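Please read the following short report alongside the sequence and the structure. It takes one chain and then the other.

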Amino acid sequence: MFNNHKHLIDISEYSDSELMTILQTAKAFSEVNERVIKKVPTLKGKTIVNMFNEPSTRTRSSFELAEKRLSADTLNFGGSSTSTVKGESLIDTVMTLDAYKIDCIVVRDKHAGAPHIVSQASPAVVIDAGDGKHGHPTQALLDLYSIWERKQSFEGLKVGVVGDIGHSRVCGSLIPALKIMGAEVTVVAPGTLLPPRPDVLGADHVAYCLDDVLPELDVVYMLRIQRERLEGAPFPSLREYHQLFGLTKKRERLMKPDAIVCHPGPINRGVEFDSYMPDHPERSVILDQVYAGICVRMAALYLLLGGADNGLAS
Amino acid sequence: MGTSSPKAVIMDEISISRAMTRIAHEILERNEGCENLAIVGIVTRGDLLAKQLVDEIREIEGVDVPLGSLDISFYRDDFATHISPEVHATDIPFNVDGKRIVLVDDILYTGRTIRCALDAIMDLGRPSRIELAVLVDRGHRELPISPDFVGKNVPSSRDESVRLFCKEVDGRTSVEISDVEPGSHVGSAPLGGE
């Protein structure tokens, strides 16, 4: 229980001060992750199920490490090994898990809304680890953390989110989170990669040309072109996309001297980036984001799994 | 931890300062100097006292001993009922291996905070020994923990709250005792000095 939040499913339910508390707690956990013994006994005796019904490597491994470093007991569950392939419904699976007396379920699913369904079927704390095209709140938290570490403040910060906005669950959490923190968000994409109503995501501006907006941006957030989710032909070729929307060494000259580059990973060199920009020593925070993933997930687990259920925790 | 009304000031700024000076001398006397010595304060309040001790030792010996601060939020044994909304990062900028560490806290009460702090330090390495300095010992231990250096022993009732106020955060420096409204403490005492 964190203030009045039992779950972490929809990041827009959190206030700016609550998100800041999560970031500050993550900072405290960052110190734990720098130690020789990277483990604290905080969640000793708690059981956490990682229910990943869709392939995931970094989110899953980062949750698992976060749980282990907090001394929780973990159960990895999902994929082709589960009973869903034998015809069991999601709700029946969750009720079965509950019979094991678990404390938290981390849900990744290809269907938007699955974590919400799980939270209704189970008394456990539910954390959304990415659902369909809906959201990915812990990804947004680690993005906020990485930006906060470099920029110290979000107020008036100009953030451009570039690429496959329409297929991206990262956007579904990141854009609301940035807006809550006071940043100014521009989405940049060819029209075919935008959702029908880009304003619904809450972005302040929509741009169709990267070169036009690049000189203004403090943070350039590149999205992966999700080849597995592309339907129809949103652009003629990956090569053309790269030339128009790829962040390249040539395009870097347009950027502010202190602008940074983020990406949720996995990166496609040659599509959204050339081979140079992801490794840019000053600008790229891509590996910092990976590290931040452990810290913010430890913080979210700590804040949600601590305290009593009676709302007395303060 | 419940509402409270001030009852009495047990220590004022001058007596706190005298007690800290004496503790600094005692630490140096017992160790015959400050070789291998390090001071670690428990946040919040203990870290402010730890800084004061380091300043005193500098006055006496002319040496800067390493100073660290320890947040024990992740080690608390009452995590199921109470979490700290504000967690401060532990900041121990030296290797604890082989060090003689003096742990500093403001009020010693049940001893549970100290148990957490011992766990937290052990996770950072293997000090040669750990000693405990507290400004006030108010009794009512729930664990076999005993301080090495004490500013003042204050017999108290479980229904009372004993708190250190520090100029840096509260605008005044004093140790105050007050009544806690009945019923706000259920079961064993909460962690921390109160």
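Helices, taken as H or I, are DSSP runs of at least four residues and are numbered from the N terminus. In this predicted model, helix H5 of chain A covers residues 137–151. After H5(A) comes A:Gln152, with a positive phi near 70 degrees. The helix has 15 residues, and at 1.5 Å a residue they should span 21 Å; the end C-alpha atoms are 21 Å apart, so the two values agree. H5(A) is mostly covered, as 13 of its 15 residues are buried.

The domain assignment divides chain A into two domains, with the bounds listed here.

The C-alpha centres of domain 1 and domain 2 of chain A are 25 Å apart.

Chain A also has a nonpolar surface patch of about 250 Å², formed by A:Ile91, A:Met95 and A:Ile117. Of these residues, A:Ile117 belongs to helix H4 (residues 114–121) of chain A. The relative accessible area of A:Ile117 is 36%, so this residue is partly exposed.

Chain B contains four helices and eight strands. Read from the N terminus, its elements follow the order β-α-β-α-β-β-α-β-β-β-α-β. The chain has 194 residues, of which 51% count as buried. Chain B exposes about 8800 Å², and 48% of that area is supplied by carbon and sulfur atoms. Among the contacts in chain B with a separation of 6 or more, 71% are between residues 24 or more positions apart.

Note on methods: Residues numbered from 1 in each chain as written. Chains lettered and ligands numbered in written order. Predicted model: local features only at pLDDT ≥ 70, side-chain atom pairs only at ≥ 80, totals over all residues. Heavy atoms only, no water. Patch = residues over 30% accessible without salt bridge, like charges linked within 9 Å, V, L, I, M, F, W, Y side chains within 5 Å. Areas by Shrake-Rupley, 256 points an atom, 1.4 Å probe, with all protein chains shown as cover. Salt bridge = Lys/Arg side-chain N within 4 Å of Asp/Glu carboxyl O. Helix = DSSP H or I, 4+ residues; strand = E, 2+ residues; numbered from the N terminus. Buried < 20%, exposed > 50% of the residue type's maximum accessible area, 1.4 Å probe, protein only. Expected span 1.5 Å × (residues − 1). Domains from an automatic or database assignment. Contact = heavy atoms within 4.5 Å.
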